Amino acid sequence: MKSKLGIQILVGLFAGIIVGIFLGEYAEPLGYIGDAFIGLMQMTVLPYIMVSLLANLGKLKLDESKPLIVSGIVIQLVFMVIGLLMIQLLPTFFPAVESSSFFSTSLIQERSPLNLIEIYIPSNLFGSMAANAVPAVVLFSIIVGISLNLVQGNHGLINAFDVMAEALNKANKLIVKLTPVGLFGIAAHTTGTVAFSELSLLQVYIIVYCVAVLVMVIILLPLIVSAVTPIKYTDFLSVPRNTLITIFATGKIVILLPQLIEDTKSLFEKYKKRTKQTESAAELMLPLAYPFPNLGTLVIMIFVPFAAWFGGVSLGLAEKLQFSGSVILSSFVAPITGIPFLLDLMKLPNDSFQLFVISTVITDRVRVVLGAMHLFALTVMAIAYTEGMLRLNWLKICRAFAFSLAALFLILLPLRSQLGKSFMEAHNQYQSFVEMDMVSTRVPVHEGPLIDQVPNNISDIIQRGYLRVGYNKDALPFVFNNVEGSKVGFDVELMNNLADELEIAIQWVEIPRDRISNHLNAGKADLFVSGLPILLDDIGRLEFTIPYANHTMSFVTHDANRDQFQTLEQVRKIKDLKLAVPGSHF
């Protein structure tokens with residue numbers, strides 16, 4: 001039955017991908033199917049986590065559960081060390097290229113402040129449940145579950161929690177049968193609506209991270225588990241396969257926690273070790289471990305070294321140590337919150353965060369697979385320890401790390417130079433920019449001598465036979481010469497369209513910006529283009545058309561100092577403020 005569902009899941013996933021590719025943007029409505037499926041899965045998860053923890057903490061003898069919790073903490077610390085080592089290793093596979101930074105609107109966007117209290121403290125349990133704040137719900141369940149354990153006559157309530165947990169688990173299993181349909185909708189919507197061209201600048205980061213995740217999921221963690229327990233490598237990978245596929249497609253671990261618990265029970269059942277104790281341990285350990293950092297969330301922080309590499313910033317030993325010390329705390333929250341903090345801490349351009357947001361289309365789904373495998377491996381090893389199944393085989397452990405390192409080097413080293421070439425092609429857009437040509441029809445260019453004439457109306461211009469357009473050279477992207485020496489740009493397109501409608505030619509007249517009003521008033525040109533801003537000093541001397549573009553004026557400053565310029569009041573408080581103004585533009 002389970003293998004049949006696995007086949008149906010794969011069919012639904014690949015069918016969704018094909019439909020998404022075929023329909024493109026028209027696949028957007030199929031996202032409602034995926035959203036409905038995720039909503040149904042989420043419906044039972046938080047209540048299941050809460051009643052399961054309450055029941056298991058309430059009936060377990062704390063002295064007996066101590067080895068399980070202590071072993072879980074030790075394994076978690078070992079995994080965190082592995083993650084930190086991986087973060088230091090992976091940037092060495094970034095190609096050696098010369099790079100540069102860029103501007104993004106993230107500099108002027110307000111971000112919600114990090115509020116760890118709301119995430120971890122259940123001041124309002126129902127509010128935490130409504131906000132899907134799993135750490136807060138887990139903390140509530142731990143405190144109340146331990147307190148319940150100390151209350152006399154708690155058996156009736158604990159039995160009720162057990163019954164409720166079983167009911168929620170059965171409800172979850174019914175919803176899981178809809179997985180093929182849900183994954184079809186998710187895959188079709190994602191494939192059809194994502195602009196994968198936006199990911200070209202991120203291919204170095206995405207490929208390095210995805211290869212690292214693949215190696216850790218398929219090689220490192222299964223080999224570590226098989227090195228310290230009797231569980232075979234193939235069994236450890238095959239049992240949670242369907243759950244991992246669903247987690248990848250949905251991009252969420254929490255909604256599949258009940259399935260991971262069932263997979264843990266099934267794995268021990270395969271080795272005839274499934275007992276009431278192992279079942280309770282699985283129901284206790286997985287929800288307890290979920291709020292803490294996992295390898296998926298930790299290793300994805302290599303985006304910060306990538307941002308430094310992308311911007312041409314070299315991180316010294318002190319910066320790397322500072323990053324390693326801060327990354328653990330940052331991994332307690334979602335990467336979307338932790339990475340901006342780390343970028344600020346390392347004084348890296350915060351606007352590169354926009355690249356991370358784009359990358360999450362792929363990396364979020366990969367990250368949760370590694371996170372799920374982390375939780376699964378931690379739970380299995382912790383239970384194996386309490387059941388007396390844990391045996392350290394240092395030769396096999398060393399072999400697991402050796403195979404993993406070999407796989408990383410064999411895959412990423414050959415890709416390193418190719419990634420550098422591909423990155424530079426995507427990153428260096430100047431060449432393609434200066435090679436662009438006209439989109440609209442190019443009208444004839446009048447090459448005759450410049451005649452001073454102030455036209456009374458447009459009929460005079462039509463009678464003359466050509467439109468005299470003043471411009472400023474190298475005013476990208478409005479007017480500039482391409483590699484062939486032809487004028488191109490936004491304003492060039494506008495003027496060619498105007499001249500084409502009037503059925504006349506164009507005469508281009510180069511005018512310095514500080515001489516625009518003099519040339520126009522002297523009749524040396526009919527109008528001026530080149531992205532001219534409307535300034536107070538020019539309003540009395542020039543007549544402007546209706547603006548065709550709106551731009552935001554801003555200070556250009558070091559990214560780490562941007563908070564000093566958020567408001568006018570903050571700027572006024574800066575003593576001895578010195579502003580550099582590019583006078584040629586005004």
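Visitor: Which residue just after α17 takes a positive phi?

Guide: K347 does, with a phi of about 55 degrees. Keep in mind that this is a predicted model.

Visitor: Which residues of α17 are called buried?

Guide: In this helix, residues 335-345, the buried ones are P335, G338, I339, P340, L342 and L343. The word is used for a relative accessible area under 20%.

Visitor: What covers the buried residues of α17?

Guide: The cover includes α14 (295-299), α15, α16 and α18 (353-386).

Visitor: Why is G312 called exposed?

Guide: Its relative accessible area is 56%. Exposed means over 50%, so G312 falls in that class. G312 sits in the loop between α15 (303-310) and α16 (317-330).

Visitor: How far apart are G312 and A96, in sequence and in space?

Guide: They are separated by 216 residues in sequence, and their C-alpha atoms are 10.0 Å apart.

Visitor: What makes L579 partly exposed?

Guide: The relative accessible area of L579 is 48%. Partly exposed covers the range between the 20% limit for buried and the 50% limit for exposed, so L579 belongs there. L579 lies in the segment after α25 (568-572).

Visitor: Which residues make the nonpolar surface patch of about 360 Å²?

Guide: F555, L577, L579 and V581 make it.

Visitor: Why is α7 called roughly perpendicular to α12?

Guide: The axes of α7 (residues 155-176) and α12 (residues 257-270) cross at roughly 100 degrees. Angles of 65 to 115 degrees count as roughly perpendicular, so the term applies to α7 and α12. The two axes also come within 10 Å.

Visitor: Which residues of α7 and α12 meet?

Guide: On the α7 side they are N169, N172, K173 and V176, and on the α12 side P258, Q259 and E262.

Visitor: How do you know that D235 and K270 form a salt bridge?

Guide: Their closest N and O atoms are 3.2 Å apart. The cut-off is within 4 Å, and the pair meets it. D235 lies in helix α10 (residues 233-238) and K270 in helix α12, so the bridge ties together parts 35 residues apart in sequence.

Visitor: Is D235 buried or exposed?

Guide: D235 has a relative accessible area of 12%. Buried means under 20%, so D235 is buried.

Visitor: What makes K265 and E283 a salt bridge?

Guide: The N to O distance between their side chains is 2.6 Å, and the limit is 4 Å. K265 is in helix α12 and E283 in helix α13 (residues 276-289), so the pair ties together parts 18 residues apart in sequence. Both K265 and E283 are buried. Together with E262, these two residues are linked in a network of salt bridges.

Visitor: Which parts does the salt bridge of D526 and R464 tie together?

Guide: The side chains of D526 and R464 meet at 2.7 Å, N to O. D526 lies in the loop between α23 (516-521) and β5 (527-528), and R464 in helix α21 (residues 458-464), so the bridge joins parts 62 residues apart in sequence. D526 and R464 are both buried.

Visitor: How many salt bridges does the structure hold?

Guide: It holds 11.

Key
Residues are numbered from 1 along each chain as its sequence is written. This is a predicted model: local features need pLDDT of at least 70, side-chain atom pairs count only at pLDDT 80 or more; totals for chains, interfaces and linings use all residues. Side-chain values use heavy atoms; hydrogens and water are left out. Helices (H or I, at least four residues) and strands (E, at least two) are DSSP runs, numbered from the N terminus. Buried means under 20% relative accessible area, exposed over 50%, partly exposed in between (1.4 Å probe, protein chains only). Contact means heavy atoms within 4.5 Å. Patches are made of residues with over 30% relative accessible area and no salt bridge: like charges are joined within 9 Å, nonpolar side chains (Val, Leu, Ile, Met, Phe, Trp, Tyr) within 5 Å. Accessible areas come from the Shrake-Rupley method with a 1.4 Å probe; for residues, only the protein chains shown count as cover. Axes are lines fitted to C-alpha atoms, for helices over the stretch in contact, and angles run from 0 to 180 degrees between N-to-C directions. Angles under 35 degrees count as roughly parallel, over 145 as roughly antiparallel, 65 to 115 as roughly perpendicular and the rest as oblique.
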